[in-house]
Amino acid sequence: TKPTMPSRTTESTARHRRQTRLITLGSAVVILLLLLFGALSLSRFQAAETAWEEHNARATAIGEAQTEIARHIGYGGFIHNFKNLILRRDLPRYQAAIEADIAGFRVQSQRLERLLHVPADQAALAQLRATLEDYADKYRLVAPLVAAGATPVEIDAVVKIDDQPALKALNQLNSRAMVRAQQTQATAQTLHNEAIRFSCFGGALMLIALIGLRRFLNHLLAAKQQIERALVQQQKMQDELVQVEKLAALGALVAGVAHEVNTPIGVTLSAATHLE
């Protein structure tokens with residue numbers, strides 16, 4: 001008869017297959033977790049980079065608008081030309097420049113209004129616009145007086161020029177630019193730190209998973225070697241059983257032949273003895 005595989009070898013093979021499936025599943029889970037944490041880390045880094053890019057673009061636009069506003073109302077701009085108009089009473093010389101500064105200020109203030117979202121910035125811009133619009137109203141009163149040949153004293157009695165509120169509001173807008181930069185930097189730093197934490201956590205998870213996977217692989221390798229030794233031993237036992245069966249068959253054959261030979265010889269010997 002053909003020898004059967006021992007039950008312990010069958011159980012080892014089944015256990016080996018289960019461990020192989022478990023390793024495959026564990027490897028897939030580790031890969032998915034690594035992809036997840038990698039994607040989260042990348043999204044945080046991209047968010048930080050996007051925040052800086054948006055801040056830089058917005059800060060550049062705000063800076064350009066504020067520079068143009070300062071040029072229109074500061075030295076060489078509206079207030080400077082308005083004072084010169086009152087002192088020198090030269091309307092043809094300053095009228096075009098003053099009106100151009102008023103128009104330019106309005107354009108840049110509208111542009112800046114679209115860029116500013118913080119209430120404090122909007123309040124400072126509103127103060128600046130109110131001051132400049134008040135100056136523009138005074139300019140409309142001064143222009144006819146200058147054209148009529150009024151003296152600076154007479155003009156000053158009608159309008160009072162005070163540039164401090166406008167300059168104060170402009171300085172406030174400039175100081176708010178530093179605050180916005182610091183806030184954006186804090187936000188970007190927070191996103192950057194989150195990305196680093198996700199990366200570190202993902203790396204630690206990968207390290208732990210690799211260590212566990214290595215130990216499991218070593219255990220699986222040992223089980224595989226044990227199964228191979230059991231299979232070799234089984235093959236050896238099968239060979240020995242075949243040899244034993246061959247010897248048993250040969251013994252049975254010899255016994256049968258001896259029996260078949262002994263029977264006629266005994267009968268013949270008995271007959272000869274009887275005849276004698």
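1. Both Phe82 and Tyr139 are buried, a word used here for under 20% relative accessible area, with over 50% counting as exposed and partly exposed in between (1.4 Å probe, protein chains only). The model is a predicted one, in which local features need pLDDT of at least 70 and side-chain atom pairs count only at pLDDT 80 or more, while totals for chains, interfaces and linings use all residues. Residues are numbered from 1 along each chain as its sequence is written, and side-chain values use heavy atoms, with hydrogens and water left out.

2. The rings of Phe82 and Tyr139 have centres 6.2 Å apart and planes at 80°, so the pair is edge-to-face; rings of Phe, Tyr and Trp (its six-membered ring) pair if their centres lie within 6.5 Å, and planes under 30 degrees apart count as stacked, over 60 as edge-to-face and the rest as tilted. Because Phe82 lies in helix H2 and Tyr139 in helix H4, the pair ties together parts that are 57 residues apart in sequence; helices are DSSP runs (H or I, at least four residues), numbered from the N terminus.

3. A search of the whole structure finds three aromatic pairs. In one of them, Phe78 and Phe82, the ring centres are 5.6 Å apart and the planes stand at 40°, so this pair is tilted. Both residues lie in helix H2 (residues 78-88), four residues apart, about one turn of the helix. Phe78 is buried, with a relative accessible area of 0%, and Phe82 is buried at 1%.

4. Phe78, Phe82, Tyr135 and Tyr139 form one aromatic cluster.

Technical notes. Helices (H or I, at least four residues) and strands (E, at least two) are DSSP runs, numbered from the N terminus.
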